[in-house]
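Dear colleague,

I am passing on the structure that we spoke about, and below it you will find my notes. Please read them with the model open beside you.

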Amino acid sequence: METGRFAPSPSGRMHLGNLFCSLLAWLSAKSTGGRVVLRIEDLDPLRCPRAFADEIEQDLAWLGLAWDEGGSLGGPHGPYYQQERTALYAGACDMLAARGLTYPCFCSRAQLHAASAPHRADGTPVYPGTCRALTRAEQAAKARVRPPALRLAVPDERVEFVDGHLGRYAEDLAKDCGDFILRRSDGVHAYQLAVVLDDAAMGVTQVVRGADLLSSTPRQLYLYRLLGLPAPRFYHLPLLTDAKGRRLSKRDGDVSLETLRQRYAPEQVVGRLAFLAGLQGEPAPRTAKSLLDGFAWEKVPKEDIRIPEGLF
């Protein structure tokens with residue numbers, strides 16, 4: 001039996017891509033007779049008001065994706081809102097700092113994007129280690145001008161793992177990732193750290209998420225090792241795109257649950273998502289529970305999935 005999780009970021013109403021991921025995460029865990037945890041990833045308090053988290057719970061319940069613990073339901077591994085878990089993140093940062101594995105970084109986002117350092121395929125710069133060799137005196141002088149972020153210094157090491165859906169994947173931490181942020185300059189802890197600590201603390205054994213987060217996994221596996229925590233099995237999903245191949249986004253106002261609930265019954269939405277996932281040959285109405293017996297990762301496409309025009 002597996003313990004899976006939903007871990008939505010409540011920065012707006014869920015869109016079809018979020019629903020697709022939530023459905024497959026639920027099916028993957030429940031098809032083993034397992035459990036599902038709902039964790040609200042509201043690290044940034046300015047972007048993630050509690051009202052959005054409440055709407056997400058309502059939408060998941062409407063779709064029939066019941067969870068066993070977490071969110072407002074509570075449970076033995078709470079709190080389940082990341083804003084209430086900052087002491088755990090701070091403690092881990094202190095522990096890594098005491099081992100000499102972190103350093104303060106004073107670089108701004110604009111400086112990083114303007115630098116001539118290598119960039120990842122998604123345009124994100126690979127941090128060149130600008131602040132890694134600063135002396136204590138230099139750090140103190142810069143801190144009087146700008147509060148620092150906290151970075152983890154990574155070794156020149158290749159981290160490889162086998163994704164449960166997409167297969168073997170590897171990155172060199174120094175060349176492909178670079179020293180990465182554990183805590184931003186405004187005091188908000190980073191996703192990479194929080195997700196590792198929370199999944200371990202909540203007993204998560206299976207993580208289902210979008211392929212856009214595949215490249216985060218080597219960094220997270222390195223953190224699991226440093227912190228002495230058991231790592232879950234990862235399954236990365238193809239992303240949903242519109243008919244022209246553009247990826248769906250909350251920011252762009254793609255079809256949200258608010259719109260879908262006005263147009264369709266929940267079984268119609270689930271059935272269409274199951275069709276996109278390769279779990280049935282036509283977009284006929286289905287409940288999530290009715291899909292459990294036929295669920296298999298082998299049926300799910302590996303490449304991004306275009307939503308046919310008129311399906312939603």
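F161 and F234 are both buried, where buried means under 20% relative accessible area, exposed means over 50% and partly exposed lies in between (1.4 Å probe, protein chains only). This is a predicted model, in which local features need pLDDT of at least 70 and side-chain atom pairs count only at pLDDT 80 or more, while totals for chains, interfaces and linings use all residues. Residues are numbered from 1 along each chain as its sequence is written, and side-chain values use heavy atoms, with hydrogens and water left out.

The structure holds five aromatic pairs, a pair being two rings of Phe, Tyr or Trp (its six-membered ring) whose centres lie within 6.5 Å, with planes under 30 degrees apart counted as stacked, over 60 as edge-to-face and the rest as tilted. One of them joins F161 and F234 edge-to-face, at 6.1 Å centre to centre and with 70° between the planes. Because F161 lies in strand 6 (residues 158-163) and F234 in strand 10 (residues 233-237), this pair ties together parts that are 73 residues apart in sequence; helices (H or I, at least four residues) and strands (E, at least two) are DSSP runs, numbered from the N terminus. Together with Y169, F161 and F234 form one aromatic cluster.

The search of the whole structure also finds 18 salt bridges, each being a side-chain nitrogen of Lys or Arg within 4 Å of a carboxyl oxygen of Asp or Glu. Among them is the bridge between R39 and D199, whose closest N and O atoms are 2.8 Å apart. R39 lies in the loop between strand 2 (35-38) and helix 2 (50-63), and D199 in helix 7 (residues 191-201), so the pair ties together parts that are 160 residues apart in sequence. R39 counts as buried because its relative accessibility is 0%, and D199 is buried with a relative accessible area of 2%. Both residues belong to a network of salt bridges that links R5, R39, E41, R85, D198 and D199.

Another salt bridge joins D179 and R132 (3.4 Å, N to O). D179 sits in the loop between helix 6 (173-177) and strand 8 (180-183), and R132 in the loop between helix 4 (109-114) and helix 5 (136-143), 47 residues apart. Here D179 counts as buried at 4% relative accessibility, whereas R132 is partly exposed, with a relative accessible area of 44%.
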